[in-house]
Amino acid sequence: MINSVYIHIPFCTNICNYCNFTKFYYQKKRVREYLKALEGEITKRYQNDIIKTIYIGGGTPSSLDIEELETLLKLTKIFKFKEDFEFTIEVNPESLTKEKILLFKKYQVNRISMGVETTNVKYLKYLGRNHDFSLVKEKIKLLKDLGFTNINVDLIYALEEETLEELATDIDNLLSLEVPHISTYSLQIEEHTKLYIDKVKNIDEDLDFKMYELICQKLKKRGFEHYEISNFAYPNFEAKHNLVYWNNDYYYGFGLSAASYIPSLRFTNTSSFSKYLKGEYVNDQEELTKKDILSYALILGFRKIKGINKKNFQEKYGVNILDLYNVKDLIKEKKLIDDGSNIYVSYDKIYIENDILINFVGE
Ligand code: SF4
């Protein structure tokens, strides 16, 4: 059963210096063509599954004008939703308006994810973002005034020259917004970005680690639960949609470069605009063996701080998690903890989690 939907909107009115996502400058004609093609893909592939979570990401979905957004949101009417479904849309502060927020409400959007990234003017400029923190405060207030309580903000840290004090101020500013979910990202300089061309380097690993520790300490002190390596939420505000990925559950991905996981198959859509318009959706696909499925289940599941529930794992995959790969050895080495019901990465090893997860790749 496929219970989740991701829809990619690849348009932005401004291209950020660090971005390597699939995106294009907003152009009215392209948006019109794209929404038409998106409708074609959704109509062709959706199999009437009951949808529990839907996430519209990008790009910048809120860069669409009000008519375009309504066309997009009308497309979601095709889905059959479960009663308490979660419906998230990504926005940026500059393009979010009262009119758009009211439209989101009309189409039952109930969760907003805002790209704040940093509240420091110097670093906003460095990242190539066009807003400032006063605009963020204004738009968060507007969202709350119009009834949105389930709001995420993104934080990017580990910026060149950034100090721990500057990061602490950023975190305090985000906390002052009083939103229930914060996602954090350590800046990685990716190829084909302006920062890469400008030869910016990733910061020193020790400082990166100290920054991660600072984020964890400050957010946990304020009542946030650290529930996934990079994600923090007040109780009951975890991102249900992202949990679908980490629980290795099925999802549709519609739109340019969107990834899907359906029974026995993972595939990624093309990032070529022209191919997508012609209905040549899929770029590459991976047929999954049982071993692949188990490998994904471990790698994704251990991203959650509570890890993997042994009983659920046995029921879902028909195997004992302790018999897989070198799980038992990792428990003996205290890299993984078995508390009787769950197995999870030892909290003091989370920062080097990738070194542990590599054990579950391949044979
Ligand atoms: S980071 Fe987001 S807003 Fe910036 S260019 Fe990339 S997709 Fe657009």
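Reply: Helices (H or I, at least four residues) and strands (E, at least two) are DSSP runs, numbered from the N terminus. By that count the protein chain has 14 helices and 17 strands. This is a predicted model, where local features need pLDDT of at least 70 and side-chain atom pairs count only at pLDDT 80 or more, while totals for chains, interfaces and linings use all residues. Residues are numbered from 1 along each chain as its sequence is written, and side-chain values use heavy atoms, with hydrogens and water left out.

Me: Why is α6 called roughly parallel to α8?
Reply: Axes are lines fitted to C-alpha atoms, for helices over the stretch in contact, and angles run from 0 to 180 degrees between N-to-C directions. Angles under 35 degrees count as roughly parallel, over 145 as roughly antiparallel, 65 to 115 as roughly perpendicular and the rest as oblique. Helix α6 (residues 164-176) and helix α8 (residues 205-221) pack at about 30°, with their axes 10 Å apart. That makes α6 roughly parallel to α8.

Me: Which residues of α6 and α8 make the contact?
Reply: Contact means heavy atoms within 4.5 Å. On α6 they include L164, L167 and I171, and on α8 they include L207, M211 and L214. By class, the contact has ten nonpolar, no polar and three charged residues. Ala, Val, Leu, Ile, Met, Phe, Trp, Tyr, Cys and Pro count as nonpolar, Asp, Glu, Lys and Arg as charged, and the others, Gly among them, as polar.

Me: What makes α2 roughly parallel to α3?
Reply: Helix α2 (residues 66-75) and helix α3 (residues 98-106) pack at about 15°, with axes 10 Å apart. That makes α2 roughly parallel to α3. Their contact divides into five nonpolar, no polar and four charged residues.

Me: Which residues are around the ligand?
Reply: A residue is near a molecule or strand if one of its heavy atoms lies within 4 Å of it. Those around the ligand are C12, N14, I15, C16, Y18, C19, F21, G59, T60 and R129. G59 is also joined to G58 by a cis peptide bond, with omega about 25°.
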